[in-house]
Structure formats: C-alpha cells, structure tokens
Amino acid sequence: MRRVRGMKAATLLLAGSLALAACASDEPQAGGSGSGGGGSSSDELKIGLAFDTGGRGDKSFNDSAYAGVEAAVETLGGTMADNVQTLSPNDDASNRGELLTQLAEQGYDPIIAVGFNYDEIIADVAPDFPDTTFAQVDGSNADGAKGDNVTGLLFAEEQGSFLAGVAAASKTETDRIGFVGGVQSPLIEKFQAGYVAGAKAVKPGITVDVSYLSPAGDFSGFGAPDRGYSVAQGFYQNGADIVFHAAGGSGEGVFQAAVEAGKRAIGVDSDQYQTAPADQQAVIMTSMLKRVDNAVEEFITSFSEGSVEGGTDVTYDLESDGVGLSESGGYIADIKTTIDDYRQQIIDGKVTVPTTP
Amino acid sequence: MDGGGPERYTPPGPAVFRVYRLDVARSRRGTAPGPDDLRSGGPSDTVRHHRPGPRRETPLNEPAPLAVELRGITKRFPGVVANSGIELRVRRGEVHAIVGENGAGKSTLMKTLYGMHRPDEGEILLDGAPASFRSPADAIAAGIGMVHQHFMLADNFTVLENVVLGSEPTKGIRLDRATARTRIRDISDRYALGLDPDQLVEDLGVGDRQRVEIAKVLYRGATTLILDEPTAVLVPQEVDELFGNLAELKREGLTVIFISHKLDEVRKVADAITVIRRGTTVGTADPRTTTARQLAEMMVGAELPTPQTRASTVRDTPVLELQGVTVAAPDARTVVDDVSLTVREGEVVGIAGVEGNGQAELVDAVMGLRSLTAGTVRLGADDITAWSTRRRREGGLGFIPEDRHRQGMLLEAPLWENRILGHQTRPPAVKGSFIDRRGARADTQRIMREYDVRAPGPDTLAMALSGGNQQKLIVGREMTARPRLLIAAHPTRGVDVGAQSVIWELLKDARAEGMGIVLVSADLDELIGLSDTLHVMLRGRLVATLDPARLTPEELGGHMTGGNTVGAA
Amino acid sequence: MTLLRRTGLAVFAPLLAIVVALAISALVIAVIGENPLTAVRVMLDFGETPSQQTQAMVVVVNRAVPLFLAGLAVSVAFRMGLFNIGVEGQYRLATILAAAVGAAVALPGPLHVLLIIGVAMAVGALWAAVVAVLKVTRGVSEVISSIMLNFIALGTASFLLTGPLRGSPEGASVITTSDIPESGWFPGLNGVVTGLGLAEPRSDLHGFLLVAVVAGVVVAVLLTRTRFGFDLRATGLSPSAATASGVDARGMVIKTMLISGAIAGLIGLPDLLGTSHHYGTEFTAGLGFLGIAVALLGRNTPVGIALAALLFGFLDRAAIPLQFEGIPASVVTIIQGTIVLAVVVANQVARQITRRQAERGSARAGASPTTGDGGRTTDEREGARA
C-alpha cells in the first residue's frame with residue numbers, strides 16, 4: 001500500500017513539473033506580449049484607466065469608457081498597448097484605492113476612474129498626487145472637494161431617459177410599460193425619474209411598473225441576467241409591452257424575456273442593437289445612449305491640449321449629445337418628430353426633467 | 001454451572017495485579033506478545049492442532065483435487081507481520097470455512113487470494129498450478145470471486161444493471177440487455193438464487209442483495225467464491241437461505257471459501273475448517289467431530305473463560321430505583337412501558353431480551369438521553385428524573401454504551417481526549433474550566449497500564465485501536481470515576497475473548513467493591529454468569545424476574561421470546 | 001503513528017494542495033498566452049522603494065485581517081459541525097448598526113471604540129442566534145436558515161442605509177451612514193511600522209490587527225484548552241458521543257453560534273474603524289463567503305486560518321501588479337479557487353491516509369497480542385467449569 005501511495009505522490013509531482021515545464025516553454029512567446037506601459041518618457045502619453053466592478057467586458061460603462069480611451073489614443077497617434085494601462089478591481093472591489101495609487105505612482109497621467117464608487121477613494125488619493133490629473137466618470141466634483149486636479153464627468157441620464165419614456169409611451173399599445181433598475185442607487189433612480197416623467201408627458205394616464213434587482217449596497221443587480229429575466233417576464237405577463245432596463249449586464253435577461261414574450265425592450269448606455277444577436281435585435285426598440293466613450297475621449301483630448309480645468313464637473317446632456325436615443329433598426333423612425341420636439345424643449349429649458357422619482 | 005456458589009480462586013485485588021499475572025501466564029506458555037512471535041512461526045506446540053495422516057473430511061471417497069492451495073504465505077506491513085506461514089488447502093466443490101478472531105489475519109489472507117495485494121513470501125496454487133495476481137482483475141480472470149461483507153451495489157440500478165456493471169455485454173456501444181437478462185436468469189435458476197433481473201436493488205432486502213452480489217461474481221465466471229463474513233448482516237432466517245444457496249453452489253461443483261467467526265454457523269455449513277490465530281494457520285478441523293468450544297479454544301489458543309460470578313456481594317442500600325419508567329418513541333409508540341426495578345450496592349442486575357424490546361431506550365432514559373413520559377428515576381437518595389446527563393454523570397452514573405463508536409468514543413481524537421469524554425467536569429482531566437492536558441495524558445497512561453489497553457501512547461487516535469482495546473479504555477475510564485452505578489450495555493460485544501474476560505473481571509471487582517451495575521446484554525452466558533438478578537424485557541415491559549443461579553440459557557431464551565413467562569423468582 | 005507524523009500530514013496536505021493549485025494556475029496563465037514565471041516574479045515583487053514595499057505589506061495584512069476574522073467565525077461553528085454560511089449577513093448587519101451607534105454617540109476614545117465593537121459583536125451574535133434557535137427548536141438546518149437570513153440581513157441593511165440610518169446628503173451617488181466622530185476611530189499601527197525601522201507606508205496598517213490577534217488567541221485557547229472547547233469539538237466529532245458524555249447539544253448549538261456570530265460581527269470593523277468610518281453602499285461585501293474558503297484552507301485552526309488569510313491577502317495584492325504586466329486580475333481569483341479546491345481534496349486524502357495508517361496500526365495491535373488471554377489460572381477455569 002505504501003508503494004502505491006508513493007507512486008501516487010510521484011505521479012502528482014510529475015504532473016506538476018510537467019505543467020511547470022509546459023509553462024516555461026511558453027516563455028519567449030508570452031514575454032513579448034506582456035507589459036503595457038513599460039518605458040516612460042515624460043512627454044509620452046500614459047493614460048491610466050481604473051474600472052469599477054465588472055471590469056473589461058461588462059458590455060456597459062466600463063467597456064464604454066475603454067472605447068473612449070481607444071478612440072482618443074487613436075486620434076492622438078498612440079496605441080493601447082504602449083500608452084494605456086487598464087486596471088480592474090478585485091472581486092469585492094476592496095482595492096479601488098490601490099488601483100489609483102499604483103497608477104499614479106507608476107507615472108500614469110491622466111488617470112480616469114470609472115464609476116461613482118470611486119467618490120471617496122479619489123478624494124483620498126488625488127490630493128497625494130497633485131501633479132497628476134484625474135477624472136471620474138459618474139462622480140461629481142462640482143464643489144472641488146475632491147481636489148482641484150479631479151474632473152467629474154457627469155451625465156444627464158434623466159434627460160435621455162425622458163426621451164426613452166417618450167418613445168415607450170408613444171409606442172405602447174397597452175398603456176403599460178416597465179422599468180428594470182439594476183441597483184436601487186441614486187444614479188439609477190435618475191434613469192427611472194426621467195423615464196417616468198417622459199412617459200407621463202406623452203400619456204398622463206400611463207402605468208409604469210418599476211422594479212430594482214438588488215437593494216442599495218448590493219451590486220449584484222448589475223450582473224444578474226436571471227433576475228432581469230424573471231422581473232421583465234413578470235412585467236410582460238402583467239400587460240406591459242415595453243420595458244426599459246438600466247441594469248448593466250442584467251439587461252441581457254430583459255431582452256431574452258422580451259424575445260420570448262414577443263414584446264419590446266429599450267437598452268441602455270450603448271446602442272445595444274449593435275451588439276445583440278439577431279433575435280434580440282428584433283425587440284430592441286431603441287437604446288438610451290449615455291456616451292461615456294465621448295466624455296472620456298473628450299477629456300483625454302482636452303488633457304493633451306492642456307485645457308483641463310480641474311476641480312469641477314463636465315456635464316454631458318442632450319445639448320452636447322452626451323445622452324440621447326439610438327435609432328438602429330428604425331423602430332422609432334415614425335415618432336422621430338415627437339422625440340425631437342421633446343429634445344428641443346429640454347434643451348431650451350421649457351421642460352425640466354426631475355432627477356429623483 | 002454453579003451460579004453464585006463459592007469458588008476456589010478468590011483474590012480480587014487491584015487491576016494492576018491481575019494484568020501482571022496475566023502477563024506471567026502468557027509468558028509461561030511461551031507466547032510472549034509481539035511480532036517476533038509471528039515471525040517465529042506461531043505459538044508453541046501445546047496449541048498446535050495440525051494432525052498427521054490423511055484428512056478426515058473425505059474418508060470415504062477419493063479426495064477431490066485441490067482447487068486452491070496456499071503455501072507458506074507471509075504478508076508484512078511496515079512493522080507488522082499480518083500473515084505468516086499460512087497453509088491452506090481447499091478442495092474443489094467444498095465449503096471451506098476460515099475462522100479466527102477479529103484481527104487474526106483473515107482479511108489480509110483473503111485480500112492476498114483476491115489479488116488486492118501480493119504476498120511477500122509463499123505461493124498460491126490454483127488447481128495445482130502456481131498463480132500470481134497483480135490485481136483483483138487477475139483473480140477474477142482466474143475464476144476467483146469475492147463477495148464483500150459490505151455490499152457494493154448501486155441502489156437505483158436494477159439487478160441486471162448491478163450484475164453487469166463493469167463487465168457489460170455490448171452490441172456496438174449499446175448495453176445488450178437481452179443477452180444479460182438471459183444469462184442472469186440462467187445463473188439465478190441454476191443456483192436457485194431467485195433473482196428478478198429487472199427489479200430495483202433499492203427494493204430488495206439484505207438477503208436478496210447478497211444474492212445479487214453472488215450472482216455478480218458468478219456472472220464473471222467465478223468457480224471459487226470467497227464470502228467475507230456473509231452472515232454478519234443477516235437475520236437467522238436469511239442465514240438459512242444463504243446456506244441453501246451455498247449448498248446449490250457446491251452441488252454445481254463450485255468452491256466456497258467462507259470467512260466467519262460465528263462457530264455454530266461454520267459447523268453447520270462447512271465441509272472443512274481452517275483456524276487462523278495471530279496471523280497464521282494453527283490447524284484444520286472437521287466440523288462434524290469438533291465442538292464449537294474446541295474450535296473457539298483453537299482460535300484463542302487457550303481454554304475459554306466463562307463469566308461466572310463470585311459469591312453474592314449484594315448489600316441493602318439501593319443505588320438505583322426506577323419507578324414506572326415509561327418512554328415514548330418520537331412516533332408516540334411506547335417503547336419502555338412502566339418499568340420498575342431496583343439496583344442495590346454490590347448488585348449486578350441483568351436485563352435480558354431480544355434486541356429492540358426497549359433495552360436501549362431504557363438505558364438512554366436512565367442516562368438522561370431520553371425524556372420520560374412517566375415515572376421516576378432515583379440515584380441513591382436523589383430523584384434524578386429531571387437531571388441533565390452531565391449532572392447524572394457527576395452524581396455517580398457510569399456508562400459503557402452499547403455502541404462505543406456512536407456513544408462512547410471520539411474515533412478521530414487521541415486517547416487522552418477520549419479519557420476526558422464523559423468526565424469533562426472532573427479532575428484529573430480538568431482544572432476548573434480548563435482542560436488539564438498533562439493530567440489527562442498521565443491518567444490515560446495509567447488506564448492503559450492498569451486496564452491493559454494496548455496502544456502506542458495517549459496521543460494515538462482512538463480509531464487505531466482494536467475494538468477490545470477501545471472497550472477496555474472505556475471501561476477503565478468509567479471505572480476510574482468510581483461511579484455508584486454503572487450501566488454496562490453489551491460491554492463485551494465485538495471484543496475478542498481476551499478483552500472479554502478482562503472486562504468481566506473488572507465488572508466483578510467493581511461489584512465486590514459495592515458498585516451497582518445494570519447489565520444489558522444479548523450474550524446469555526454473560527447475563528447468567530454475571531447477574532445477581534435477571535429481568536427479562538419484552539415489548540418494553542419487564543415480563544419476568546429470574547434467579548440466574550437456577551437458569552439455563554435455553555430457559556432464558558424461552559423467556560426472552562415470550563414463550564415462557566413464568567415470572568418472579 | 002507519532003504526533004509528529006500527524007502534524008506533518010496536517011501541514012503537508014495544504015502545502016501540496018497549494019503547489020498543485022499553483023501548477024494548475026501556471027498552466028492557465030500559459031494557456032492564455034502569458035508567462036507564468038513573470039506572474040511569479042510579479043507576485044513576489046513588492047515594489048522598488050522602501051515605502052512601496054512596506055505599503056505592499058500593509059496592503060496584504062490589511063486585507064488579511066478581515067479575512068482572518070471571517071475564517072475564524074466560520075471555523076468556530078465548523079469545529080462543532082455547524083456550517084455557518086450566514087457570516088456574510090451577520091457582519092453586514094453588525095457593521096451598519098455599529099456604524100450607526102458609533103456615529104450617534106460621543107464618548108471618550110477607548111470607550112467609544114469599545115462600544116462600537118460591543119454593538120457589532122452583539123448584533124452578529126444575535127443574528128446568528130436566530131439560526132441556532134431555529135435549529136434547536138424547529139430542527140431547521142443551519143445551512144438553509146443562514147442562507148435565507150443572509151438575504152434578510154442584506155435587505156435590512158439596505159433598508160436601514162437608504163432609510164433611517166442614511167447620513168450622506170440626498171442625491172449623493174454613494175449612500176453612507178453618518179461618519180463616526182474621531183473618538184471612535186481605531187488608531188493605525190504605522191507608528192509601530194516605522195518604529196520597526198521600516199519606511200512609512202502610504203496606507204495605515206489597521207490597528208484592528210491587534211483585536212484580530214487577540215480574537216485568534218482567545219479562540220485557540222477556548223477550543224483546545226477549555227472544557228467548553230472540548231465539548232464543542234467533541235460535538236463536532238461525534239454528536240451522539242458528546243451527548244452521551246453529558247454535553248447539552250442544544251445549548252452548545254446556541255453558544256457556538258453566538259460566538260461565531262460575535263466574531264462575524266468584527267469582520268467589518270477594521271475598515272469601519274480604521275479607514276471609512278461609515279458604512280455605505282460601497283462597503284466591502286462578500287467577506288463572509290471568502291471566510292468559508294479561508295477556514296477550509298486553514299483547516300479550521302486559528303493559526304492555519306491566519307496563514308490562509310495572509311495567503312489570500314498576498315494573492316489579492318498581486319492582482320494589480322499582474323495587470324501592469326498584462327496578466328488579467330482574474331488569474332488571482334483562479335489561483336484562489338484552485339487552491340481551495342485542491343485543499344479540500346487534499347484534506348480528504350490526508351484524512352484517508354490517517355485513517356489507513358490508523359487501521360494499519362490496529363492491524364498491528366491486532367496481529368500481535370489481540371488474543372490476550374483470560375488471565376485465569378487453570379484452577380479457576382476448572383472451577384468455572386465444574
């Protein structure tokens with residue numbers, strides 16, 4: 001028996017060393033593709049991008065921010081590999097502070113933090129690196145409390161959502177529509193407030209079903225397609241025929257429910273029609289665009305021109321095309337005039353959109 | 001049997017003395033313990049039973065050829081010689097029993113024969129030709145099949161699926177059920193196994209499951225079957241059925257090797273018997289001419305002890321009084337019904353009964369592990385009915401549980417922690433709220449010494465000990481606390497004969513010193529031999545009180561089955 | 001089998017598991033086209049300047065402290081055979097209530113901190129007690145009830161945060177409770193760090209480290225040296241044997257869950273008292289579940305859990321430098337996952353080896369002198385037979 005056990009151990013060791021050997025043989029090939037922002041001359045552009053939970057590939061604001069960096073770098077003649085370092089936080093995002101600190105220590109400038117969760121962190125880190133320029137997507141620095149080297153990149157989500165509400169109310173046949181929020185946070189409540197206001201502006205008697213997938217503090221609602229599916233399914237069964245989601249990755253479930261119910265849905269952040277499979281394209285009526293990519297691109301461009309002000313916010317609204325509605329698929333072409341009419345009224349200040357429900 | 005009469009041998013003395021004497025006795029016979037003993041080829045001549053001349057089991061006909069022959073098989077494990085110089089000759093077409101105590105080396109031997117490990121010395125001959133097995137697969141290929149004590153069947157598969165599992169007949173990649181079904185029906189009919197190939201195993205009883213295991217082995221073409229303690233899991237009626245099946249196998253010319261330590265069964269079913277003791281074969285016996293007692297003495301290497309008690313030591317003071325104790329099972333069925341009894345100082349009160357008649361529940365009730373629906377329990381002058389188990393233990397209740405693995409030991413804990421178990425609130429194992437590790441270790445060592453617990457040391461895990469040594473540790477631990485009343489439930493169950501007599505002696509000594517003992521047992525000799533008073537329990541009630549001095553096991557058996565409720569003595 | 005060999009096995013099994021897990025992870029890294037050796041180098045590289053190096057160490061320890069407490073909470077219950085999955089809910093609820101109480105009162109320094117710690121432990125314990133009471137009185141499996149109570153706890157915490165305990169201004173993106181005044185902060189240990197001749201790190205070393213160490217020592221002593229700990233472990237090893245020995249199983253369930261919950265209540269405090277000073281929507285979640293992994297890895301002993309927590313902290317820290325080398329941070333998660341899996345397997349194997357060795361030991365004890373003998377003289381036997 002002892003011999004058998006010895007052999008087992010030997011086998012394990014062998015397997016282990018084989019694995020190591022296999023790894024070692026990969027060395028030259030892997031070595032090349034490794035480091036991102038290696039050599040640093042001071043005039044070279046070194047952009048640091050710190051994601052929020054979800055990181056790259058969330059098909060939502062993280063990816064959108066990445067796209068913005070990509071566009072800016074391309075315009076400025078750099079490459080992602082040479083000029084950009086992206087960092088994702090760990091699973092519980094407890095190391096956000098370290099992300100910013102390390103980027104700053106490694107000489108990255110500007111540094112863009114994605115998400116309002118960086119609010120306290122950036123206020124803590126930025127003052128330690130006064131020579132570095134920071135920007136925070138979805139985070140306000142209107143009063144300059146986070147330091148005068150921080151720019152807040154904000155969006156008038158309620159304005160875009162208002163138009164989504166207008167579109168939904170114009171298109172509904174049951175006078176009942178739905179809203180699925182990812183996490184019940186002030187940010188997502190802005191979407192809800194605008195959407196409901198827009199719908200009521202068109203049809204004052206309309207019913208809007210509202211549901212959030214997770215309570216404040218629990219971010220699972222942005223990554224739970226199963227919950228998005230069941231909530232949307234419930235809405236459709238109760239008679240709603242259009243559901244707007246502001247639920248990040250959970251929106252996938254909302255679209256699926258729409259496909260199965262033969263009803264329609266409204267996407268969020270990016271033009272989700274473009275990235276959806278064919279069966280879902282048939283139900284994505286429009287998407288409420290939140291152009292994080294534009295904002296990030298613009299910020300980097302102005303940084304390279306040396307025109308970043310700092311200690312203040314830049315707000316992207318309907319007027320600056322920071323938010324809006326997508327028209328892919330042509331499902332809302334027939335109501336374009338209605339939508340444009342409301343857009344103009346908002347831009348002109350004739351309609352004020354609430355930010356809280 | 002002379003019950004409680006006077007006897008010639010008296011000295012009670014401390015346990016130390018007795019154990020010391022025990023060693024002397026052993027060395028006097030030239031069988032000092034230790035592996036050397038095994039290497040030197042077994043015990044001395046005084047207990048050797050190999051007989052010269054022709055074998056007696058086939059006196060009339062020409063002896064059948066040998067199906068299996070083992071010559072000088074020795075198997076060593078690090079530091080241990082599990083088998084040494086094993087000689088075994090099994091003739092074709094016979095039921096050959098291998099008997100020996102637990103730990104005598106039967107299982108090691110069978111694993112050798114089944115190819116689960118290879119012997120260090122010696123040879124295996126099958127039908128006269130040398131054979132060498134690297135794995136059970138080789139053994140199966142050579143026609144040897146093993147029916148394990150614990151069945152290896154998948155419950156939610158049918159009989160057919162279980163039988164073919166691992167050697168499925170296939171048509172392409174599909175299981176060829178038709179062929180399999182035909183073959184299983186053939187086997188079942190031929191050996192009268194009575195199996196329905198399409199029944200689910202989970203619907204089968206234990207006996208049927210065993211027949212599935214046998215069919216499985218036969219399906220693979222075995223001509224020699226090894227049955228490892230096949231009756232351990234069977235009720236008497238199933239045992240008879242099994243023996244019928246074995247007769248069928250024999251009639252068809254198959255060879256059966258039957259491992260057991262139940263001597264009566266062996267004598268009933270076997271054509272020849274080989275006895276194993278301490279890793280080696282000590283002789284063969286003819287079941288027709290050998291008594292169970294003779295067999296047992298061959299197994300043990302000495303004449304058997306009996307549990308005779310000494311002169312009555314019963315005093316007047318009651319230590320335990322049960323008044324109308326009634327216990328209900330969770331399903332509200334009354335399992336202990338209005339039981340009243342008294343145990344006095346120095347008295348052993350035996351409780352006899354077929355298992356499952358409420359003895360276990362009664363013991364639990366006295367220990368405070370089950371609540372009463374009616375009645376009172378008094379320990380000495382105290383009414384302890386409402387006391388917790390711990391308080392009862394502190395108040396002087398000792399407990400040797402029926403199932404030591406379930407209630408008596410922490411198998412994965414060292415011996416010294418097991419020493420503490422049940423005595424968490426008393427020195428020397430604890431000081432205040434803290435465990436006294438040193439004290440516990442020292443006291444464990446003392447118990448090991450005084451109660452002859454054979455283990456490397458107090459840090460050994462309890463599971464490393466044989467059943468007998470575990471039980472001796474429990475007895476030692478409980479005795480150390482000097483309880484006023486000891487509840488001994490099946491105190492010698494599953495322990496070897498040596499440990500059995502040590503435990504009996506300890507109980508007798510404790511009784512002599514004034515301890516009251518409640519003895520629950522299924523061993524009628526033990527009950528009759530040790531008890532001063534004997535109650536019979538049937539369906540939760542005490543149906544008879546008997547005087548063990550004037551009682552035979554047969555009479556007691558009659559009472560236990562309710563056929564003979566004569567009552568009071 | 002000697003004690004030494006047994007401990008050897010106890011240490012060897014997790015070590016082997018870690019090696020196997022690292023080999024698997026190396027394979028994964030190689031498969032995604034990166035160099036495993038780079039990964040190893042990055043993990044071991046704590047930075048260039050002394051300040052960066054101490055900072056890296058502080059990051060590791062700061063991460064390890066809550067993980068250790070979480071593992072400890074899980075392990076106490078586990079030693080008794082209870083699977084407290086509710087640690088997550090226990091600490092979240094405990095932290096928010098402790099934060100609220102801490103913000104609502106003003107007391108002199110040490111008292112203020114003690115009050116917060118006391119509230120957190122009490123809330124954690126009470127929440128865990130619900131599980132215990134359900135188990136003892138209704139026989140509800142603690143696994144089921146603690147999972148369910150997690151949902152309730154998270155929901156309640158959210159409700160409290162967005163409702164009565166909201167301290168952040170209306171409209172702020174991050175919702176938090178009010179800040180605890182400075183008297184309720186736990187001082188950092190950077191003075192000690194610099195006192196040891198190390199460079200001043202950027203972040204404060206959590207002073208709560210001391211509390212964690214004390215908790216670990218108390219639990220270790222409680223489990224291995226006290227009667228209570230003996231009863232607890234005995235119940236874990238064999239509930240039936242423990243009951244027969246006089247242990248009050250129901251009482252033990254309640255007491256154990258109270259202790260487990262009280263420790264769980266501490267998990268959020270290093271962060272609450274050391275850095276954030278309020279509970280909010282961005283407060284670190286999921287530590288309760290990580291604690292299960294840490295406890296498994298640490299084989300449920302305080303020392304093991306401390307090592308496991310440090311290992312997790314170490315791996316966690318590497319996530320950022322790995323990304324600088326172009327290796328995705330999820331590699332760290334993969335490593336942690338494979339380690340835990342490998343350890344579970346290795347523990348099982350070690351158990352079987354121990355068992356087999358023990359059985360061999362019994363074969364030895366059985367093979368030589370099992371038979372013993374009656375210990376009776378010939379006279380006696382004849383007397384008995386007569």
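## Worked exercises on a three-chain predicted model

Thr389(B) is found in helix 12 (residues 389-394) of chain B, where helices (H or I, at least four residues) and strands (E, at least two) are DSSP runs numbered from the N terminus. This is a predicted model, in which local features need pLDDT of at least 70, side-chain atom pairs count only at pLDDT 80 or more, and totals for chains, interfaces and linings use all residues. Residues are numbered from 1 along each chain as its sequence is written, chains are lettered from A and ligands numbered from 1 in the order in which they are written, and side-chain values use heavy atoms, with hydrogens and water left out.

### Exercise 1: the surroundings of a threonine

Find out whether Thr389(B) is buried or exposed, and list what Thr389(B) is in contact with.

Step 1. Start with the accessible area. Thr389(B) has a relative accessible area of 7%, so the residue is buried; buried means under 20% relative accessible area, exposed over 50%, and partly exposed in between (1.4 Å probe, protein chains only).

Step 2. Look for polar contacts, which are pairs of N or O atoms within 3.5 Å; within protein, one must be able to donate a hydrogen and the other to accept it, and residues adjacent in sequence count only if both atoms are side-chain atoms. The Thr389(B) side chain comes to 3.1 Å from the backbone oxygen of Met367(B). The backbone oxygen of Gly368(B) is also reached by this side chain, at 3.1 Å.

### Exercise 2: a sheet in chain B

Work out the strand order of the open sheet of 6 strands in chain B, and say which strands stand at the edges.

Step 1. Write down the order. It is 18-21-22-15-23-24, with mixed pairing; two strands pair if DSSP finds at least two bridges between them.

Step 2. Read off the ends. Strand 18 (397-400) and strand 24 (541-546) of chain B each have a single partner strand, so one side of each has no neighbour in the sheet. From one strand to the next, the twist averages 20 degrees.

Step 3. Take one pair inside the sheet. Strand 15 (residues 348-352) and strand 23 (residues 533-538) of chain B run parallel, joined by 4 bridges. Ala352(B) has Val536(B) as its bridge partner in strand 23 of chain B.

Step 4. Place the helices. Helix 19 (residues 553-560) of chain B packs on the sheet, touching strands 15, 23 and 24 of chain B, and its direction makes about 35 degrees with that of strand 23 of chain B. Axes here are lines fitted to C-alpha atoms, for helices over the stretch in contact, and angles run from 0 to 180 degrees between N-to-C directions.

### Exercise 3: a covered strand in chain A

Say how many residues of strand 5 (residues 150-155) of chain A are buried, and which strands pair with strand 5.

Step 1. Count the cover. In strand 5 of chain A, 6 of its 6 residues are buried.

Step 2. Sort them by side. Val150(A), Gly152(A) and Leu154(A) point one way, while Thr151(A), Leu153(A) and Phe155(A) point the other.

Step 3. Find the partners. Strand 4 (residues 134-137) of chain A runs parallel to strand 5 of chain A, with 4 bridges, and Val137(A) has Leu153(A) as its bridge partner.

### Exercise 4: confidence

Find which stretch of chain C has pLDDT below 50.

Step 1. Take the average. Chain C has a mean pLDDT of 85, with 90% of its residues at 70 or more; pLDDT is the predictor's confidence in each residue, from 0 to 100.

Step 2. Find the stretch. The pLDDT is below 50 over residues 362-386 of chain C. Where pLDDT is low, the predicted coordinates should not be read in detail.

Definitions and conventions
Contact means heavy atoms within 4.5 Å.
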